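Dear colleague,

Please read them alongside the model itself.

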Amino acid sequence: MKRDLRSHLSSRFLTIYRKMVAGNGLLYPILGFASCVAFIYMSFGGLKLSSVPKEPKLCFVERNGTQFFLDGKSLYVNGWNSYWLMAHSVDENSRPKVSAMLQAGAKIGLTVCRTWAFNDGGYDALQISPGQFDERVFKALDYVIAEARQHGIRLLLSLVNNLQAYGGKTQYVKWAWQEGVGLSSSNDSFFFDPSIRKYFKNYVLTVLTRKNTITGIEYRNDPTIFAWELINEPRCMSDPSGDTLQDWLEEMTTFIKSIDKNHLLTVGLEGFYGPKSPKKSTVNPEEWASTLGSDFVRNSNITNVDFTSVHIYPDHWFHVLGFEQKRNYVVKWVRSHIEDCDKELKKPVMFTEYGLSNQNKDFQPSQREQFYRTILDIVYKSAKKKGSGAGALVWQFFVEGMEEYNDDFGLVPWESPSIYKLTIEQSCRLARIQGLLQEKENLKELCSRRE
């Protein structure tokens with residue numbers, strides 16, 4: 001309790017002081033400083049100023065060309081997906097699992113977790129109906145962000161789902177239809193219906209300007225958030241040309257940047273090439289991939305998109321290839337997108353989901369380690385050359401007793417020794433590139449055990 005009190009006190013002191021500095025010259029800051037000291041003394045007589053700890057300064061992640069930067073140094077990411085953090089934080093009794101997952105990620109050198117900042121309609125919805133929010137669920141998201149900060153983890157927060165899970169664009173279309181303002185019952189009207197665009201903008205504004213009830217920091221001002229992801233795996237199959245999705249992306253990325261200029265922004269793409277791309281027939285898995293209404297290069301080239309995103313699921317894309325054929329394809333897929341970002345887009349690329357299904361007919365547990373290593377090795381080699389390969393996030397990690405959140409890609413990392421070892425290896429070699437081993441004791445200790 002003392003620690004919480006002191007942290008709050010320090011934060012309050014700095015807030016008052018900065019406000020006075022901002023508009024009143026030199027005299028007012030001096031008087032303001034004295035007033036704050038007097039306030040502290042009178043309110044907390046027994047609490048010495050020297051005992052108030054200084055919170056470590058947390059900077060926003062920035063981008064310069066093809067690289068991320070943090071504190072003036074290049075940043076490369078080894079991270080993971082736990083989409084369920086907010087959902088599992090609504091009930092205070094299940095919050096320890098969220099804390100345990102974040103602590104476990106930090107323990108093995110992971111630095112970024114991608115998770116959902118949405119739940120539209122349905123059970124424990126954050127957004128109950130357009131513009132109506134459940135404060136209880138918002139406080140769960142507050143907890144996730146505050147807890148991530150405590151463990152030194154940054155969050156990549158996704159704002160809506162293209163899929164139906166947790167509501168997604170389907171729920172927005174249902175709302176418009178139920179209120180009699182929808183232009184179409186097609187899920188793709190999410191992208192072109194003015195009423196639905198208004199719903200989504202209101203949602204974005206509410207989330208970005210939310211003041212965390214634990215930290216007191218608005219989300220848009222919190223460096224704990226690594227970046228915003230606009231939409232998970234956008235597709236607009238009703239317009240294969242890609243114009244409808246492109247128009248929506250340009251409008252929404254501009255809108256987000258008008259509210260929040262602190263954070264990086266990505267789209268949330270799977271990485272498929274569109275019908276006009278020369279790579280549609282040479283790199284896409286099959287012909288269908290160019291008809292989804294998305295295009296990796298065109299969508300990522302939008303000015304307000306700071307970095308690109310790619311997913312890697314060969315066992316969803318191919319149904320007849322064996323493991324080695326899929327792995328060979330993945331090499332081409334990953335290298336192609338790094339090449340796009342090195343030479344044309346001039347932006348970092350994050351492989352924000354990658355996984356291997358345990359439902360494959362020829363699946364062997366050892367294949368996962370081989371599959372993950374294939375991806376992580378390419379990212380490492382790009383990072384070592386100061387290329388655009390900026391990081392990768394495995395899908396997905398969870399902790400014991402959470403089988404209801406699992407799928408055919410999920411695992412508890414410490415229950416798979418080979419994956420656990422590989423994860424630490426990637427964390428350590430990326431940390432060496434960044435020169436972090438001498439600066440961060442936890443990494444120094446973690447990586448020294450491997451030498």
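The notes below go through salt bridges, aromatic pairs, backbone geometry and a surface patch.

Please keep in mind that this is a predicted model, in which local features need pLDDT of at least 70 and side-chain atom pairs count only at pLDDT 80 or more, while totals for chains, interfaces and linings use all residues. Residues are numbered from 1 along each chain as its sequence is written, and side-chain values use heavy atoms, with hydrogens and water left out.

Helices (H or I, at least four residues) and strands (E, at least two) are DSSP runs, numbered from the N terminus. A residue is called buried under 20% relative accessible area, exposed over 50% and partly exposed in between, with a 1.4 Å probe and protein chains only; the areas themselves come from the Shrake-Rupley method with that 1.4 Å probe, and for residues only the protein chains shown count as cover.

Salt bridges

A salt bridge here is a side-chain nitrogen of Lys or Arg within 4 Å of a carboxyl oxygen of Asp or Glu, and a search of the whole structure gives 23 of them. One of these joins Asp340 to Lys279, with the closest N and O atoms 2.7 Å apart. This pair links distant parts of the chain, since Asp340 sits in helix α11 and Lys279 in the loop between β10 and α9, 61 residues apart. Asp340 counts as buried because its relative accessibility is 6%, and Lys279 is buried as well, with a relative accessible area of 16%.

Helix α11 also holds Glu324 and Arg327, which lie 3 residues apart, about one turn of the helix. Their salt bridge has its closest N and O atoms 3.3 Å apart. Glu324 is partly exposed at 39% relative accessibility, and Arg327 is partly exposed at 22%.

In helix α12 (residues 365-384), Arg373 and Glu369 are 4 residues apart and therefore separated by about one helical turn. The closest N and O atoms of their salt bridge are 3.0 Å apart. Arg373 is partly exposed, with a relative accessible area of 25%, whereas Glu369 is buried at 18%. Salt bridges with shared partners join Glu369, Arg373, Asp377, Glu425 and Arg429 into one network.

Aromatic pairs

Rings of Phe, Tyr and Trp (for Trp, the six-membered ring) pair if their centres lie within 6.5 Å, and planes under 30 degrees apart count as stacked, over 60 as edge-to-face and the rest as tilted. By this rule there are 33 aromatic pairs. Trp116 and Phe118 have ring centres 5.1 Å apart and planes at 25 degrees, so this pair is stacked; both residues are buried. Phe272 and Trp333 form a tilted pair, 5.8 Å centre to centre and with 55 degrees between the planes. Because Phe272 lies in the loop between β10 (264-266) and α9 (296-300) and Trp333 in helix α11 (residues 323-345), the pair ties together parts that are 61 residues apart in sequence.

Backbone geometry

Most residues other than glycine have a negative phi, and most peptide bonds are trans. Against that background, the peptide bond from Trp395 to Gln396 is cis, with omega near -10 degrees, and Gln396 is placed in the loop between β13 and α13. Asp124, which is not a glycine, has a positive phi of about 50 degrees. Asp124 is found in the loop between β5 (112-116) and β6 (127-129) and is buried, with a relative accessible area of 17%. Tyr166 likewise has a positive phi, near 60 degrees. Tyr166 lies in the loop between β8 (154-158) and α5 (168-178) and counts as partly exposed at 24% relative accessibility.

A charged patch

Patches are made of residues with over 30% relative accessible area and no salt bridge, with like charges joined within 9 Å and nonpolar side chains (Val, Leu, Ile, Met, Phe, Trp, Tyr) within 5 Å. Lys and Arg count as positive and Asp and Glu as negative, while His and the chain ends are not counted; the place of a charge is taken as NZ of Lys, CZ of Arg, CG of Asp or CD of Glu. Glu400, Glu403, Glu404 and Glu415 form a negative surface patch. Glu404 lies in the loop between β13 (389-395) and α13 (417-434), and at 58% relative accessibility Glu404 counts as exposed.
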